[in-house]
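Grab a pencil and keep the viewer open. Below are some exercises, each followed by a solution that goes step by step.

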Amino acid sequence: MVAALRTLAGLIGFLLLVILALAGLAAAVFSLQGGEETLSYHNLAHLLHLDDLDAELGAWLSALEADGPTAAIAALAGAGAVVLGIALLVGALVPTRERLIILRRDQRGDVAARRRAVGQAAAALAEQSRDVMSAKAKVRPRRRGAGGNLRVTANHARTVGNREVAAAVRERLDALADALSLHVRVRGRVPRRGGRVR
Amino acid sequence: MPATERVRLARLAEEAVAATKGVAASVGRTGVWATPDGGRTIPGVVAIALPQGRVEIALHVDAIWPPPPLTRVADTLRDRLVRSAQAAGLGDRLGPVAVSFHDVRAPGEGA
């Protein structure tokens with residue numbers, strides 16, 4: 001069901017973009033000439049049976065065609081729209097590549113892990129610690145070289161302090177951190193009243 | 001038709017993954033991490049022919065819960081592949097072997 005809705009949303013989004021692109025193309029083509037010429041906004045409004053709109057916007061369109069501040073603002077807006085369009089195309093077409101955590105790099109080849117895999121392992125280890133009810137782990141790979149930063153938030157009972165819990169979790173994570181060259185930060189906290197615990 | 005050295009090495013890599021405890025091959029969400037082998041594909045193995053006649057192998061695997069020490073598993077996988085490649089007379093063809101862990105999976109859970 002959700003997959004079907006996602007497909008439908010994608011399809012509608014695509015169709016809206018096509019309509020927007022066609023409208024933009026028409027606006028660009030019909031801006032080639034001014035006055036009442038074939039490729040003018042006045043003629044475009046006439047072709048679309050929007051004569052009333054043309055009557056209302058006629059003065060503004062004339063200002064747009066002539067040299068002046070209105071035309072300059074329109075040119076700037078057009079250039080901005082082109083830049084935005086290129087940025088959107090890059091965002092849509094250039095594939096993203098998830099940064100992996102490099103565990104080791106040598107001439108034999110890389111050993112790497114996805115952030116999710118390391119995060120799950122770290123959260124599981126943290127949850128093995130006494131007094132920890134649930135844990136969340138976030139991993140960020142280093143930009144260069146092996147390893148990364150691991151941030152763990154451990155939810156615990158009120159009966160123990162944040163520091164004690166953080167120290168216990170850190171101890172649990174020591175082996176993992178050493179093996180994967182991770183810089184570990186642990187935060188202990190008591191979940192809010194009514195907060196969910198996994 | 002005899003298989004190319006690239007495909008033969010990919011098959012050996014598949015066997016190395018299958019024989020190693022704590023990991024399972026992963027093809028990724030879009031199924032791109034695989035090597036065509038006649039009428040089937042070898043999952044989790046990408047074999048790339050290098051210019052010098054060698055073949056680089058990229059292994060894409062999931063760790064099986066509870067997650068084993070990842071670097072040790074990677075070493076086991078590599079050593080196993082190197083040994084089987086040498087036994088098959090392909091030792092000098094095997095290039096770098098990259099290992100990527102993509103997920104932690106429950107035992108028996110499919111890719």
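**Exercise 1.** In which sense do β5(B) and β6(B) pair, and over how many bridges?

*Solution.* Before starting, keep in mind that this is a predicted model. Now find the two strands: β5(B) and β6(B) pair in the parallel sense, over eight bridges. For a landmark, look at Val61(B), which stands opposite Phe101(B) in β6(B).

**Exercise 2.** Work out which other strands of chain B pair with β5(B), and in what sense.

*Solution.* Step one: go to strand β1 (residues 23–25) of chain B. Three bridges join β1(B) to β5(B), and the two run antiparallel. Here Ala24(B) faces Asp62(B) in β5(B) as its opposite number.

Step two: move to strand β4 (residues 45–49) of chain B. This strand and β5 (residues 55–64) of chain B are antiparallel too, with five bridges between them. You can check two places along the pair: Val46(B) is opposite Ala58(B), and Ala49(B) is opposite Val55(B).

Step three: look at the connection. β4(B) and β5(B) form a hairpin with five residues between them. In the turn you'll find Gly53(B), with a positive phi of about 85 degrees.

Eight of the ten residues of β5(B) are buried, so-called "mostly covered". For chain B as a whole, 40% of the 111 residues count as buried.

**Exercise 3.** Is Arg93(B) buried, exposed or partly exposed, and why?

*Solution.* First, locate the residue: Arg93(B) sits in the loop between α2 and β6 of chain B. Next, count the neighbours. Arg93(B) has 18 C-beta neighbours inside 10 Å, and therefore counts as partly exposed. The cut-offs behind this step are 20 or more for buried and 12 or fewer for exposed.

Finally, see what Arg93(B) touches. Leaving out residues up to four places away in sequence, the list is Glu5(B), Leu9(B), Gly53(B), Arg54(B) and Val55(B). Gly53(B) is the residue from the hairpin turn in Exercise 2. Ala49(B) is 44 residues from Arg93(B) along the chain, and their C-alpha atoms are separated by 9.5 Å.

**Exercise 4.** How many residues of each chain are in contact with the other chain?

*Solution.* Begin with the count: 16 residues of chain B are in contact with 16 residues of chain A. Then ask where they come from on chain B. Both α2 (70–87) and β6 (94–105) of chain B supply at least two residues each, and β6(B) gives the most, with nine. Sorted by kind, the residues on this side of chain B are eleven nonpolar, three polar and two charged.

Strand β2 (residues 109–113) of chain A runs parallel to β6(B), and three bridges join them. Ala112(A) is opposite Ser100(B) in this pair.

**Exercise 5.** Does the length of helix α1 of chain A fit its residue count, or what span should you expect and what do you find?

*Solution.* Take the 28 residues of α1 (residues 2–29) of chain A at 1.5 Å a residue, and the helix should span 40 Å. The end C-alpha atoms are 40 Å apart, which agrees. As for cover, the count of buried residues in α1(A) is zero.

**Exercise 6.** What is the strand order of the open sheet in chain A, and which helices lie on the sheet?

*Solution.* The three strands run in the order β3-β4-β5 with mixed pairing. The edge strands are β3 (132–141) and β5 (182–189) of chain A, and the twist averages 15 degrees from one strand to the next. β3(A) and β4(A) are antiparallel, joined by nine bridges, with Asn149(A) in β4(A) as the bridge partner of Arg140(A).

Helix α5 (residues 115–127) of chain A lies across β3 and β4 of chain A, at about 150 degrees to β3(A). Helix α6 (residues 162–180) of chain A packs on the sheet, touching β3, β4 and β5 of chain A.

Key
Residues are numbered from 1 along each chain as its sequence is written. Chains are lettered from A and ligands numbered from 1 in the order in which they are written. This is a predicted model: local features need pLDDT of at least 70, side-chain atom pairs count only at pLDDT 80 or more; totals for chains, interfaces and linings use all residues. Two strands pair if DSSP finds at least two bridges between them. Helices (H or I, at least four residues) and strands (E, at least two) are DSSP runs, numbered from the N terminus. The expected span of a helix is 1.5 Å times one less than its number of residues. Two residues are in contact if their C-beta atoms, placed from the backbone, lie within 7 Å. Ala, Val, Leu, Ile, Met, Phe, Trp, Tyr, Cys and Pro count as nonpolar, Asp, Glu, Lys and Arg as charged, and the others, Gly among them, as polar. Axes are lines fitted to C-alpha atoms, for helices over the stretch in contact, and angles run from 0 to 180 degrees between N-to-C directions.
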